[in-house]
Amino acid sequence: MKYFFSLIRYPNLLILALSQLIFRYGFLNLHDIPLTLNDWQFVLLVVATVCLAAGGYIINDIMDSDTDLINKPDRVVVGKHISEYNAYNYYIGFNVVGVAIGFYLSNVINHSGFSALFIVIAGTLYLYATNFKQSLLVGNIIVSLLVALSVIIVGIFDLYPMATPENQDYLSIFFEIILDFAFIAFWLNLIREIIKDIEDYPGDLKQGMNTLPIVFGIETTTKVVFGLALIPTAGIIYYVLTYLYTLQGASAYILVGVVGPLIYLLIKIWSAKQKQDFSHLSKVVKIIMLLGLLSILVITLNMKYHA
């Protein structure tokens with residue numbers, strides 16, 4: 001069981017589920033917005049998303065088993081603790097459950113076409129593991145888009161079906177906020193994916209991968225990461241000063257808990273050289289993403305307090 005949970009990256013799945021729960025119950029619900037799904041249906045949406053993500057992690061581990069033996073031999077699961085045959089069965093099972101739930105929920109909200117979204121996610125994760133991961137930046141962008149989509153899907157299933165000509169403008173405000181956070185999630189995950197590529201340079205090089213550090217070198221790639229990290233840092237500061245300046249508690253949290261670690265990332269990435277440096281920075285970005293996720297709850301509660 002230990003290796004099964006390691007295979008599906010359960011900490012990442014918990015963060016994924018937490019992000020959707022926070023946007024539903026720590027943002028939309030606290031604003032008393034009419035929502036489409038009831039509680040148990042929303043839980044099913046979370047389960048579907050988590051299942052597809054778990055399937056993505058499994059197929060990625062299956063395809064990366066040779067590379068992982070070089071980059072992280074102590075963390076190899078497929079072929080060492082779980083057979084490739086069983087891993088494929090888990091992969092198929094998770095995808096079947098995720099797509100089936102997606103089909104059910106799409107019909108519940110009378111938008112059966114939305115079920116294609118779950119099929120596209122499952123197919124894209126498969127193509128990423130088998131083909132796109134070897135293409136320059138394409139794989140990084142695809143994974144980051146799917147991370148952003150895990151947030152946007154809350155708005156697609158809970159807000160969009162409730163829109164009418166009378167409330168469309170009001171609901172669009174909340175959908176735009178979800179899109180803003182999804183964009184930041186996309187950008188931060190893109191940074192983390194590139195840092196992980198630097199960390200995995202030795203194994204990727206031997207496997208003939210076409211990642212950014214292999215094409216342009218580690219030193220140039222670290223400078224690219226520095227430039228990419230400047231964008232969310234400046235963007236979040238602008239967002240706070242423009243829209244949140246009246247919410248002192250939320251502003252303080254974001255500046256200290258999100259911008260502060262981003263500045264730390266900027267300082268450390270400039271001088272990072274060793275594998276452990278990039279491993280540390282990858283964890284830093286994950287923490288920034290988690291703290292950034294919690295900021296939507298802090299902002300909402302701060303608004304309620306000042307209302």
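Leu7 is located in helix α1, where helices (H or I, at least four residues) are DSSP runs numbered from the N terminus. The structure is a predicted model, in which local features need pLDDT of at least 70 and side-chain atom pairs count only at pLDDT 80 or more, while totals for chains, interfaces and linings use all residues. Residues are numbered from 1 along each chain as its sequence is written, and side-chain values use heavy atoms, with hydrogens and water left out.

With a relative accessible area of 0%, Leu7 is buried; this term denotes under 20% relative accessible area, against over 50% for exposed and values in between for partly exposed (1.4 Å probe, protein chains only). When neighbours within four places in sequence are left aside, Leu7 is in contact with Tyr57, Ile58, Asp61, Val77, Val78, Ile82 and Tyr90, contact being defined by heavy atoms within 4.5 Å. The C-alpha atoms of Leu7 and Val285 are 21 Å apart in space, and the two residues are 278 apart in sequence.

Aromatic pairing was examined next. The structure holds 18 aromatic pairs, for which rings of Phe, Tyr and Trp (its six-membered ring) must have centres within 6.5 Å; planes under 30 degrees apart count as stacked, over 60 as edge-to-face and the rest as tilted. Phe4 and Tyr90 form an edge-to-face pair, with 5.0 Å from centre to centre and 65° between the planes. Phe4 belongs to helix α1 (residues 2-7) and Tyr90 to helix α5 (residues 84-108), so this pair ties together parts that are 86 residues apart in sequence. Phe4 is buried at a relative accessible area of 18%, whereas Tyr90 is partly exposed at 35%. The rings of Phe27 and Phe174 are tilted, because their centres are 5.8 Å apart and their planes lie at 55°. Phe27 lies in helix α2 (residues 10-28) and Phe174 in helix α8 (residues 168-199), and the pair therefore ties together parts that are 147 residues apart in sequence. Both Phe27 and Phe174 are buried. Ring pairs also link Phe4, Phe5, Tyr10, Tyr90 and Phe94 into a cluster.

A charge over a ring was found at Trp270: the charged end of Lys223 sits over this ring, 4.8 Å from its centre. The criterion places NZ of Lys or CZ of Arg within 6 Å of the ring centre and within 35 degrees of the ring normal.

The axes of α5 and helix α6 (residues 115-130) come within 7 Å and cross at roughly 160°; axes are lines fitted to C-alpha atoms, for helices over the stretch in contact, with angles from 0 to 180 degrees between N-to-C directions. Helix α5 is therefore roughly antiparallel to α6, given that angles under 35 degrees count as roughly parallel, over 145 as roughly antiparallel, 65 to 115 as roughly perpendicular and the rest as oblique. Residues making the contact include Tyr91, Gly98 and Phe103 of α5 and Phe118, Ala122 and Tyr126 of α6. The axes of α2 and helix α7 (residues 138-158) come within 9 Å and cross at roughly 45°, so α2 is oblique to α7. In this contact, Leu16, Gln20, Phe23, Arg24 and Leu28 of α2 meet Ser150, Val151, Ile153, Val154 and Asp158 of α7.

Asn60, in helix α3 (residues 39-63), is buried with a relative accessible area of 12%. Excluding residues up to four places away in sequence, Asn60 touches Tyr128, Ala129 and Lys133.

Technical notes: Helices (H or I, at least four residues) and strands (E, at least two) are DSSP runs, numbered from the N terminus.
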